[in-house]
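Before reading on, please take a moment to look over the protein shown below. The briefing that follows goes from the overall fold to single residues.

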Amino acid sequence: MLKKELIFLVGPTGIGKSAVAISLAKKINAEIISCDSMQVYRKMDIITSKVALARRKKIKHHLLGILDPGKEYDAAKYRQDALLICGKLFSKGKIPLVVGGTGL
């Protein structure tokens, strides 16, 4: 059986997780899965400290800006979406790097 690695980089807003994540992802063949509860929403880039588009182009990011504000999204739906993405990344030989500040 192949070993499947999943890495989490978590902590409070504003401590540099995004910069570390992009650097790490380049080195370990990873793509980033956001685990921030508010960054799933569109049009909230500044208030949620969402990674700038130019930086997101360096490494693929998932679950950023996927919903309009006001739409419901919960931990169960996040889990379902994140597991689906992890499966796709594993099948491509990539490591999922889960990054964010939401402890749930």
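This is a predicted model: local features need pLDDT of at least 70, side-chain atom pairs count only at pLDDT 80 or more; totals for chains, interfaces and linings use all residues.

Two residues are said to be in contact when they have heavy atoms within 4.5 Å of each other.

**Overall build**

- The protein contains three helices and four strands, and, read from the N terminus on, these elements follow the order β-α-β-α-β-α-β.
- Of the 104 residues in the protein, 38% are buried.
- The protein has an accessible surface of about 6,800 Å², and carbon and sulfur atoms account for 58% of that surface.

- Together with Leu6 and Phe8, Val10 forms a nonpolar patch on the surface, and the three residues have about 300 Å² of accessible area together.

**Helix α1 and the residue after it**

- Helix α1 takes in residues 17-28, which is 12 residues, and the distance from its first C-alpha to its last is 16 Å, close to the 16 Å expected at 1.5 Å a residue.
- Which residues of α1 are buried? They are Lys17, Ala21, Ile22 and Ala25, and, seen down the axis of α1, the buried residues fall within an arc of 130°, so they line one face of the helix.
- Lys26 and Lys27, on the other side of α1, are exposed.
- Asparagine 29 follows α1 and has its place in the loop between α1 and β2, the strand of residues 30-34.
- The phi of asparagine 29 is near 60°, a positive value in a residue other than glycine. Most residues other than glycine have a negative phi.
- With a relative accessible area of 37%, asparagine 29 is partly exposed.

- Leucine 63 is placed in the loop between β3 (61-62) and α3 (75-91).
- Is leucine 63 buried or exposed? Leucine 63 counts as buried because its relative accessibility is 8%, and the cut-off for buried is under 20%.

**Salt bridges**

- How many salt bridges does the count come to? The count comes to two, and each pair is described below.
- Another salt bridge is made by the side chains of lysine 77 and aspartate 81, at 3.0 Å from N to O. Both of these residues lie in helix α3, where they are four residues apart, or about one turn of the helix.
- Within this pair, lysine 77 is partly exposed, with a relative accessible area of 35%, whereas aspartate 81 is buried, with a relative accessible area of 15%.

**Residues brought together from separate parts of the chain**

- Phenylalanine 90 has its place in helix α3 and is partly exposed, with a relative accessible area of 25%.
- Although phenylalanine 90 and lysine 4 are 86 residues apart along the chain, their C-alpha atoms are separated by 6.9 Å.
- If its neighbours within four places in sequence are left aside, phenylalanine 90 is in contact with Lys4, Glu5 and Pro96.
- Tyrosine 41 lies in the loop between β2 and α2, the helix of residues 53-56, and counts as buried because its relative accessibility is 10%.
- The C-alpha atoms of tyrosine 41 and proline 69 are separated by 5.6 Å, while the two residues are 28 residues apart along the chain.

Notes. Residues are numbered from 1 along each chain as its sequence is written. Side-chain values use heavy atoms; hydrogens and water are left out. Patches are made of residues with over 30% relative accessible area and no salt bridge: like charges are joined within 9 Å, nonpolar side chains (Val, Leu, Ile, Met, Phe, Trp, Tyr) within 5 Å. Accessible areas come from the Shrake-Rupley method with a 1.4 Å probe; for residues, only the protein chains shown count as cover. A salt bridge is a side-chain nitrogen of Lys or Arg within 4 Å of a carboxyl oxygen of Asp or Glu. Helices (H or I, at least four residues) and strands (E, at least two) are DSSP runs, numbered from the N terminus. Buried means under 20% relative accessible area, exposed over 50%, partly exposed in between (1.4 Å probe, protein chains only). The expected span of a helix is 1.5 Å times one less than its number of residues. The arc is that of the directions from the helix axis to the C-beta atoms.
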